Amino acid sequence: FDGQHFDHVLTVCDSAQERCPVFPGTAEHLHFGFPDPAQAHGTEEQVAERFRQVRKMIRAYCEGFVKNVLGTARG
């Protein structure tokens with residue numbers, strides 16, 4: 001990412017926040033710690049359902065970010 005400009009950096013799990021690469025400049029860093037679906041237990045279908053649930057939560061978060069943060073900035 002060297003030489004690239006970022007306005008926002010979003011991290012979506014605690015390990016990503018801890019290991020996130022450095023983004024030099026004025027990027028706003030935002031974190032929301034979603035559950036780690038890799039930690040799910042149960043049958044293959046139960047684990048797959050947990051991944052789908054977390055994917056849905058991340059999608060809603062990102063859509064809200066675009067609507068509330070980026071939409072406001074663009075007027």
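Modeller: Start with alanine 40, which sits in the loop between β2 and α2. Keep in mind that this model is predicted.

Colleague: Which residues is alanine 40 in contact with, leaving aside its neighbours within four places in sequence?

Modeller: Those residues are Val47 and Arg50.

Colleague: How far apart are alanine 40 and histidine 5 in space?

Modeller: They are 36 Å apart, C-alpha to C-alpha. In sequence, 35 residues separate them.

Colleague: Now the rings. How is a pair of aromatic rings described?

Modeller: You give the distance of the centres and the angle of the planes. A search of the whole structure finds 3 aromatic pairs. Take phenylalanine 32 and tyrosine 61: their centres are 5.4 Å apart, with 35° between the planes. That pair is tilted.

Colleague: Why does the pair of phenylalanine 32 and tyrosine 61 tie together parts that are apart in sequence?

Modeller: Look at where the two residues lie. Phenylalanine 32 is in the loop between β2 (28–31) and α2 (44–74), while tyrosine 61 is in helix α2, so the pair ties together parts 29 residues apart in sequence.

Colleague: Which residue forms an edge-to-face pair with tyrosine 61?

Modeller: Phenylalanine 34 does, at 5.6 Å centre to centre and 75° between the planes. This pair also links distant parts of the chain, 27 residues apart. Phenylalanine 34 is in the loop between β2 and α2. Ring pairs link Phe32, Phe34 and Tyr61 into a cluster.

Colleague: Is phenylalanine 34 buried or exposed?

Modeller: Phenylalanine 34 is buried, because its relative accessible area is 7% and buried means under 20%. Phenylalanine 32 is partly exposed, at 41%.

Colleague: Is arginine 59 buried or exposed?

Modeller: Arginine 59 counts as exposed, at 56% relative accessibility. Glutamate 63 counts as partly exposed, at 46%.

Methods. Residues are numbered from 1 along each chain as its sequence is written. This is a predicted model: local features need pLDDT of at least 70, side-chain atom pairs count only at pLDDT 80 or more; totals for chains, interfaces and linings use all residues. Side-chain values use heavy atoms; hydrogens and water are left out. Rings of Phe, Tyr and Trp (its six-membered ring) pair if their centres lie within 6.5 Å; planes under 30 degrees apart count as stacked, over 60 as edge-to-face and the rest as tilted. Helices (H or I, at least four residues) and strands (E, at least two) are DSSP runs, numbered from the N terminus. Buried means under 20% relative accessible area, exposed over 50%, partly exposed in between (1.4 Å probe, protein chains only). Contact means heavy atoms within 4.5 Å.
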